Amino acid sequence: MLLENNPYPQDVRVRSEAQSLVAAGHSVEVIAPRLKGQPAKESVDGVVVRRYRATGATGRGLAALLLEYSVAMVALHAGAIRALARGATVLHIHNPPDTLFLAGGIYRLAGRRVVFDHHDLSPELVAVKFGRPALVASARISERLTFSVATHVLAANESHAAIAMTRGHKQPTEVTVVRNGPPASWTRLPLSIRPGRLSPVRLAYVGAIAQQDGVEALADILVLLRDRTPSVAALLTVIGDGDGRPGLEAALRRLGVADAVTLTGWVEGHRVPQLLQDADVCVDPAPGTVLNEHSTMIKLAEYLALGKPVVAFDLLETRRTVADAAMLVAVGDTGAFADRIAKLAETPELRLDLARRARARAAELTWEHSETALLRAYAGLGANGATQRNAA
């Protein structure tokens with residue numbers, strides 16, 4: 001498995017997939033960037049992890065990103081070739097970015113299988129972050145090449161599956177939907193619903209802090225809560241990190257709500273449900289871009305699994321994920337977003353009803369359902385593909 005966008009085991013989707021494959025009897029090696037304090041090589045729950053030293057470049061600009069990708073591509077391609085020499089039968093490439101097609105081509109020429117794990121719509125992501133037509137065009141070419149070398153595509157949702165079959169020209173039999181989801185054990189944790197009218201109401205957000213995620217909008221929502229419903233104080237915990245954190249911190253200070261917010265940074269996986277259980281309402285402020293309309297936010301399934309009332313903008317894949325188990329508001333309407341939070345804070349019976357709906361919906365979204373689809377896709381790779389004890 002080649003992973004550039006996140007470290008391992010911090011990437012939830014990749015960790016779940018790797019552990020499921022190991023449990024099914026496959027031998028899995030992940031090559032990923034190295035965080036400070038992480039060893040260059042270790043075994044994590046049966047997964048062999050080899051890490052390369054990332055650039056350490058800071059900044060949000062294009063130059064820093066290009067340097068990061070350049071270093072990563074050399075390290076990841078070298079790791080892929082070494083794994084091929086050791087007998088790897090499947091190359092499992094994760095995006096973004098869609099720049100691992102050369103390694104995929106080498107594996108295909110060697111008669112091996114290539115699985116493209118389609119996390120994000122890279123052209124749309126480039127458009128949101130940079131908006132430069134030349135870069136978007138380049139991203140589309142890279143996406144097309146990545147689809148072309150893939151034996152099989154793992155799509156994060158139905159929207160991604162449709163794109164694999166249209167833009168990627170894959171046959172339906174070459175695409176499997178493997179949704180992101182928390183373990184079923186989360187749905188068995190005790191419900192934590194505080195009674196009565198809440199002030200302060202405790203809010204939580206988990207995930208990346210990046211431009212495309214719209215986390216800065218939470219600063220405006222806190223201000224609206226303060227000004228529109230002064231009887232309902234709000235506290236916010238942001239669990240995660242990313243290149244958008246400086247912008248979020250600046251917005252919180254500028255609007256005078258920094259004291260109401262705790263930013264934990266990235267935390268160990270076992271702490272996430274603990275922190276979320278302390279929340280009264282969980283939020284997802286992802287804005288209405290083409291990227292977000294067609295993206296499944298794993299945070300939503302995590303919120304539902306813990307039985308948390310959720311407020312989010314009404315995006316296509318968000319609606320498909322939460323069904324009737326959350327409060328959705330018109331895209332961009334931060335006033336309505338704040339009003340829904342206030343209503344939840346003031347209405348205990350509504351919080352309890354949403355908690356019960358969330359738990360019921362989450363039963364269909366746990367990782368165990370996705371694991372079945374993942375293993376079925378690997379079983380169908382063929383004799384030269386996923387052999388037991390030598391899968392990725």
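Analyst: The model is a predicted one. The mean pLDDT of the protein chain is 93, and 96% of its residues reach 70 or more. Residues 383-391 form a stretch in which the pLDDT is below 50, although this stretch has 29 contacts in the model beyond near neighbours in sequence. Where pLDDT is low, the predicted coordinates should not be read in detail.

The account begins with threonine 296. Threonine 296 counts as buried because its relative accessible area is 12%, and the cut-off for that class is under 20%. The side chain of threonine 296 makes a polar contact of 2.8 Å with the side chain of asparagine 157. Leaving aside residues up to four places away in sequence, threonine 296 touches Ala156, Asn157, Arg179, Asn180, Glu317 and Thr321.

Four strands form an open sheet in the order β4-β5-β6-β7, and their pairing is parallel. Its edge strands are β4 (90-94) and β7 (175-177), each of which pairs on one side only. From one strand to the next, the twist averages 20 degrees. Strand β6, made of residues 152-155, runs parallel to β7 and is joined to β7 by three bridges. Within this pairing, leucine 154 stands opposite threonine 176 in β7.

Two helices pack on this sheet. Helix α5 (residues 133-149) touches β4, β5 (113-118) and β6, and its direction makes about 135 degrees with that of β5. Helix α6 (residues 158-166) touches β5, β6 and β7, and its direction makes about 170 degrees with that of β7.

If rings pair when their centres lie within 6.5 Å, the count comes to two aromatic pairs. A pair of aromatic rings is described by the distance of the centres and the angle of the planes. For phenylalanine 116 and phenylalanine 147, the ring centres are 5.2 Å apart and the planes stand at 75 degrees, so this pair is edge-to-face. The pair links distant parts of the chain, since phenylalanine 116 belongs to strand β5 and phenylalanine 147 to helix α5, 31 residues apart. Both phenylalanine 116 and phenylalanine 147 are buried.

The loops on either side of the strands hold some backbone features of note. Most residues other than glycine have a negative phi, and most peptide bonds are trans. Histidine 169, in the loop between α6 and β7, has a positive phi of about 55 degrees although it is not a glycine. Histidine 169 counts as exposed because its relative accessibility is 60%, where the cut-off is over 50%. A cis peptide bond joins asparagine 95 and proline 96, with omega about 0 degrees. Proline 96 lies in the loop between β4 and α3 (101-109). Serine 199 and proline 200 are likewise joined by a cis peptide bond, with omega about 10 degrees. Proline 200 has its place in the loop between β7 and β8 (201-206).

Strand β1 (residues 29-34) pairs with β3 in the parallel sense over six bridges, and alanine 32 has arginine 51 in β3 as its bridge partner. Strands β2 and β3 pair in the antiparallel sense, over four bridges. In that pairing, lysine 41 stands opposite arginine 50 in β3. The strands β2 and β3 form a hairpin with two residues between them, and aspartate 45 in the turn has a positive phi of about 50 degrees. Aspartate 45 is classed as exposed because its relative accessible area is 60%.

Key:
Residues numbered from 1 in each chain as written. Predicted model: local features only at pLDDT ≥ 70, side-chain atom pairs only at ≥ 80, totals over all residues. Heavy atoms only, no water. Pairing = 2+ DSSP bridges. Axes fitted to C-alpha atoms, helices over the stretch in contact; angles between N-to-C directions. Contact = heavy atoms within 4.5 Å. Buried < 20%, exposed > 50% of the residue type's maximum accessible area, 1.4 Å probe, protein only. Polar contact = N/O pair within 3.5 Å; in protein donor to acceptor, adjacent residues only side chain to side chain. Phe/Tyr/Trp six-rings, centres within 6.5 Å; stacked < 30°, edge-to-face > 60°. pLDDT = per-residue confidence, 0-100.
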